[in-house]
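Hi everyone, thanks for coming. Have a look at the screen.

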Amino acid sequence: TSGAVRGLVQDTSGAAVAGARVTVTSSSTGIRRDIVADEHGRFLAVGLPLADDFILTVSVNGFKSASSPQTALRSGETATVEFTLEVASVDETVTA
């Protein structure tokens, strides 16, 4: 059997962040799976191998990237991970 990870990506105001790329990476093998959050900021990765720890990383233009702590999956389990992304700062350089 396998496990799954589902979650939500939102900004600091609680608004959904649609189109965020969520990368699920196996801590032991380094195998990665990329998924995209839907229009409500939700994502679901299914068919993940058991007895492994996973780290989830979220990235999307205009926001700072975020990572989860290691998440372990058990048989038939669906783990839930939520992300709150901060707006990325823009550095400006002005020359005279």
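Let's start with charges. How many salt bridges does a search of the whole structure find? The search finds 3 salt bridges, where a salt bridge is a side-chain nitrogen of Lys or Arg within 4 Å of a carboxyl oxygen of Asp or Glu. Side chains of opposite charge can pair when their charged atoms come close.

Before I go through them, a quick word on what you're looking at. This is a predicted model, so local features need pLDDT of at least 70, side-chain atom pairs count only at pLDDT 80 or more, and totals for chains, interfaces and linings use all residues. Residues are numbered from 1 along each chain as its sequence is written, and side-chain values use heavy atoms, with hydrogens and water left out.

Okay, the pairs. One of them joins aspartate 34 to arginine 32, with 3.7 Å between the closest N and O atoms. Are these two buried or exposed? Aspartate 34 is partly exposed, at a relative accessible area of 43%, while arginine 32 counts as exposed because its relative accessibility is 55%. The cut-offs here are under 20% relative accessible area for buried, over 50% for exposed, and partly exposed in between, with a 1.4 Å probe and protein chains only.

Another pair is arginine 42 with aspartate 38, where the closest N and O atoms are 3.4 Å apart. Arginine 42 has 46% relative accessibility, so it counts as partly exposed. Aspartate 38, at 25%, counts as partly exposed too.

Then there's lysine 64 with glutamate 86, at 3.5 Å between the closest N and O atoms. This pair links distant parts of the chain, 22 residues apart: lysine 64 sits in the loop between β5 and β6, and glutamate 86 in the segment after β8. Lysine 64 is partly exposed at 41%, and glutamate 86 is partly exposed at 44%.

The protein has 0 helices and 8 strands. Those labels come from DSSP runs, numbered from the N terminus: helices are H or I with at least four residues, strands are E with at least two.

How do the strands go together? Take β1, residues 3-11. β1 runs antiparallel to β4 (residues 42-48), and 5 bridges join them. With β8 (residues 78-85), β1 pairs in the parallel sense over 8 bridges. Pairing here means that DSSP finds at least two bridges between two strands.

Now for the inside. The largest nonpolar core has 20 residues, and Val5, Val9, Phe43, Leu56 and Phe83 have the most contacts inside it. A nonpolar core is a set of buried Ala, Val, Leu, Ile, Met, Phe, Trp, Tyr and Cys residues joined through side-chain atoms within 4.5 Å. β1, β2 (21-26), β4, β5 (53-59) and β8 each supply at least two residues of this core, and the largest share, 4 residues, comes from β8.

What about rings? The whole structure has 1 aromatic pair. Phenylalanine 43 and phenylalanine 83 make it, tilted, at 6.5 Å centre to centre and 40° between the planes. Phenylalanine 43 is in β4 and phenylalanine 83 in β8, so the pair ties together parts that are 40 residues apart in sequence. For the rule, rings of Phe, Tyr and Trp (its six-membered ring) pair if their centres lie within 6.5 Å; planes under 30 degrees apart count as stacked, over 60 as edge-to-face and the rest as tilted.

Serine 68 lies in the loop between β6 and β7, and counts as buried because its relative accessibility is 9%. Leaving aside neighbours within four places in sequence, serine 68 is in contact (heavy atoms within 4.5 Å) with Ile55, Leu56, Val81 and Phe83.

Last, confidence. The average pLDDT, which is the predictor's confidence in each residue from 0 to 100, is 89 for the protein, and 92% of the residues score at least 70. Thanks, that's me done!
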